[in-house]
Amino acid sequence: MLTAIGFASVYIARQSTVSTGSLTYAGIFFGLYLVAHVVVRRTVPYADPYLLPIAGLLTAVGVTEIYRLSPSDAFKQGIWVIVAVALFAVTLFLLRYDYRRLESYKYLFGVTAVGLLVVPILPVVGQTVNGARLWVHVGGLQFQPGELAKIMLIVFLAGYLREKREVLAQGRPKDFGPLLVIWGMAMLVLLETRDLGGGLLYFGIFLGMLYVATARRMFVVVGIVLFVVGAIGVWKITPHVQERVTIWRHPWTSHEVYCPIAPNHLSLRQNCQSYQLVKSLYSIANGGYLGSGLGRGTVTTVGGQALIPYANTDFIYSVVAQELGLVGAAALLLVYMVFVLRGVRIALLAQDGFSKLLAIGLTFGFALQTFIIVGGILRIIPLTGITLPFVSYGGSSVLANFLLLAGLLLVSNRANRELLR
Amino acid sequence: MNKQISQLGVVALVLLIALVVGTTYWQTWANAGLAERQDNAIRLVAQFSVKRGKIYASDGKTLLATNVRKRIGGQTLYFRRYPTGPLFSDVVGYSTQTRNQTGLEQSYNDFLTGSNANLDTVLHSTLDRLKGSTITGNNLVLTLRPALQAIALRAMRGKCGAVVAMNPTTGAVYALVSSPAYNPNLIENHFREAAHPVGTCGPLLNRATQGKYQPGSTFKVVTATAALDTGKFTPESPFYDPGYCIEYGKEVRNAGNPEAPEAFGHVTLFSGLEHSINSVFCNVGKAIGAGTILNYAKRFGFYKLPPLETPSNERVASGLYSHGTLFDPKDPATQVDPGRLAFGQERLQVTPLQMAMVASAVANGGVLMKPYLIQRIVSPTGKTIATAHPHAIGRVMKPETAAELNSMMQAVVVGGTGTEAAIPGIEVAGKTGTAETGVGDIYTAWFIAFAPADHPKIAVSVVVENQPGGFGGAIAAPIAKQVMEAALR
């Protein structure tokens with residue numbers, strides 16, 4: 001329903017009529033949602049009833065805004081949503097009796113996750129986009145393996161921490177070993193891929209889950225200190241990260257400064273490095289309280305070029321905030337909060353350690369990822385390119401998010417079933 | 001583990017709440033500041049989504065600026081078109097995306113975009129905004145006359161300089177031309193072509209209000225005003241012209257003024273102006289002092305930005321200039337050479353608009369009227385929301401002084417240096433000027449005039465740059481004549 005309304009309003013704004021195209025889109029989307037719903041009812045009947053509608057709503061908002069920015073991208077995104085729903089259905093079907101089987105493959109997940117993170121660094125298939133090596137290019141397909149690695153890392157950590165939590169909780173110095181190893185690896189990945197957002201996300205998830213497993217604040221404090229030290233170290237030696245911090249602290253300059261994009265050329269920073277951030281802030285500010293309305297926001301310059309580069313992936317929030325205003329943006333964030341609350345509730349209700357850790361890991365990862373990208377756009381933290389869960393354009397992101405949803409539904413199904421028994 | 005799960009849940013919620021706070025900050029607290037930033041392309045788009053008001057010439061029909069509608073990125077944007085091309089470029093200016101704005105497009109942007117504080121406009125703009133319909137700006141009707149403007153520009157073809165014509169009794173500017181003119185329609189996409197200099201003259205400078213020229217002998221009108229109005233001289237005051245004047249113990253030869261190379265012997269102040277005799281004015285200057293001359297110059301509007309509706313950075317003040325900046329001497333008696341000042345040399349720099357104001361004040365019996373370009377402002381619904389009212393800046397001289405100067409300036413055209421400006425059947429009053437440029441025999445040719453002399457309806461000021469061996473009387477006077485003739489027809 002929401003997509004239908006959304007598409008219709010974009011269409012009305014763009015072409016002043018409701019065309020059959022918008023309704024076809026909405027019809028397909030609604031059908032897809034029904035399929036997902038039936039799959040959920042059949043495979044995980046006791047699962048939390050809020051999560052799927054929320055995911056559907058967020059996906060609808062995303063596809064609508066992507067359609068508004070570029071109809072051809074919306075078509076591709078639609079294909080990815082179909083693939084993701086299929087993968088979602090397969091996952092639920094395979095793991096419907098007991099997902100805890102995954103626990104026994106935890107090291108496989110761990111190794112695969114690290115492998116996926118390393119793949120983009122490899123020479124032939126790896127690709128650098130915007131100064132970060134996050135992409136894998138095989139055949140005609142581009143893929144961002146970090147998104148899947150995130151889910152696998154959470155599965156691994158849930159299994160590993162469940163097993164080692166008593167030992168780790170004693171806090172003996174030698175038990176800091178694995179922590180240091182993972183810290184080192186996070187730093188390495190951060191250094192190699194120059195992906196500040198990813199590093200922060202993985203390490204944040206790890207610390208959060210470690211704390212839940214061991215209840216020791218010490219780990220968190222030490223972890224944060226280590227991360228800050230490491231981040232400063234990386235900042236010192238990596239110009240890419242330094243640049244991000246400079247942009248964050250001083251996006252506007254009143255005099256011309258060195259512009260690394262066009263060497264030997266001075267320019268105001270807002271016209272050079274921080275162009276994207278600044279244009280995105282203008283977009284958000286233009287929304288005001290009520291927004292310009294779907295499809296009525298300004299997303300192109302007077303000349304017709306896109307106002308914000310990558311508006312449909314990393315910067316989709318600034319378009320949503322402009323078109324729906326503070327009311328709409330706050331409502332969207334509220335939806336994210338509800339999702340997080342349901343996730344926390346699932347973790348609380350789950351009966352065993354693995355399930356609890358899995359649920360809170362997925363939930364916290366979801367929240368942290370949202371914070372890292374939107375916080376970056378809002379200049380709360382330095383901006384790093386990462387997708388907004390369910391809303392942003394991007395195949396790997398959509399797949400990973402539906403897997404995350406499947407994981408939460410599986411845990412929730414089991415917990416509720418146990419409770420009813 | 002549940003306690004830790006709850007704590008981590010709280011952390012996650014706090015992070016998301018921070019996002020709500022951040023969004024609120026940018027959308028409410030900071031949005032006004034961001035909206036004003038120059039590099040905010042959204043602001044620019046918003047500006048182009050307003051249907052700017054049209055600009056008309058004095059007939060209310062000739063369109064000087066209108067809009068072209070384009071659909072871009074799902075939005076309807078309005079771009080400026082200037083149907084008359086270069087004809088009004090220096091007054092109307094341009095409004096483009098890449099080059100910002102100039103001329104009335106800049107200074108009247110508020111009215112043209114319907115964002116002025118007028119009650120009627122505020123009401124309409126707010127209604128349009130609420131309805132989501134296009135905001136339409138107010139239309140301007142100028143005082144400029146298309147025919148006069150065209151004649152002036154044609155007369156200046158191939159020359160660098162400016163023509164200003166105004167009604168001396170009201171201040172309404174009938175023609176304001178800067179040559180070479182540029183085509184404002186080319187500014188957006190063919191800026192180099194539009195700004196391409198003709199010879200050595202760049203077209204983007206508004207020479208009528210921004211061009212600074214040595215006034216030469218046209219300044220003698222100001223000196224004569226001071227001489228007569230202070231009562232120290234009459235038109236009949238006798239002078240002896242040996243062909244030079246002694247200043248600081250040295251001879252300043254009339255030869256410096258190629259209009260009056262020979263010695264005239266026994267003359268009066270009247271014939272001194274008629275034949276533009278430098279030695280006469282040199283002696284007048286020494287007698288009344290530089291301070292008095294500068295005081296009268298200030299009464300004519302020197303040392304102030306000439307009042308006009310164009311942006312202030314497109315106007316400059318006239319007066320003495322030292323090292324490129326306006327120089328107002330604290331002690332003129334020691335700092336300024338009174339003799340050379342009196343016949344328009346020293347470090348004087350004036351604009352054609354200022355000299356038109358000088359001619360106007362004399363024509364209007366000594367009262368200087370404020371020049372203006374905008375006749376009325378009309379709302380999109382056709383309601384007149386503002387009308388120009390003639391406004392006197394002040395009395396420059398006594399009516400008797402103005403009458404005496406009037407007849408002296410008539411003599412210039414009848415039998416003096418400005419005979420080329422004579423119009424059969426109409427009495428014309430004028431004054432020539434031929435200013436040295438410091439380069440060989442290259443001169444700046446001037447002519448200021450008004451007509452009919454007994455009941456003036458038009459006052460003009462013409463300047464033509466870089467004339468080899470050319471006198472104001474031969475080069476500028478015929479242009480002034482054409483413009484006055486057309487205006488009085």
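**Close-ups of chains A and B**

**View 1. Where chain A meets chain B.** Here 51 residues of chain A are in contact with 35 residues of chain B (contact means C-beta atoms, placed from the backbone, within 7 Å). On chain A's side, helix 1 (2-15), helix 9 (196-214), helix 12 (275-287), helix 13 (316-349) and helix 14 (353-377) each bring at least two residues; helices are DSSP runs of H or I, at least four residues, and strands are runs of E, at least two, numbered from the N terminus. Helix 13 of chain A gives the largest share, 12 residues. Sorted by class, this side of chain A has 31 nonpolar, 17 polar and three charged residues (nonpolar: Ala, Val, Leu, Ile, Met, Phe, Trp, Tyr, Cys and Pro; charged: Asp, Glu, Lys and Arg; polar: the others, Gly among them).

This is a predicted model, where local features need pLDDT of at least 70 and side-chain atom pairs 80 or more, while totals for chains, interfaces and linings use all residues. Residues count from 1 along each chain as its sequence is written, with chains lettered from A and ligands numbered from 1 in the order written.

**View 2. Helix 13 beside helix 14 in chain A.** The axes of these two helices come within 9 Å and cross at roughly 165° (lines fitted to C-alpha atoms over the stretch in contact, with angles from 0 to 180 degrees between N-to-C directions). That makes helix 13 of chain A roughly antiparallel to helix 14 of chain A, a word for angles over 145 degrees. Among the residues making the contact are Tyr336(A) and Phe339(A) of helix 13 and Phe366(A) and Thr370(A) of helix 14.

**View 3. Chain A overall.** Chain A has 15 helices and five strands.

Notes
Contact = placed C-beta atoms within 7 Å. Parallel < 35°, antiparallel > 145°, perpendicular 65-115°, else oblique.
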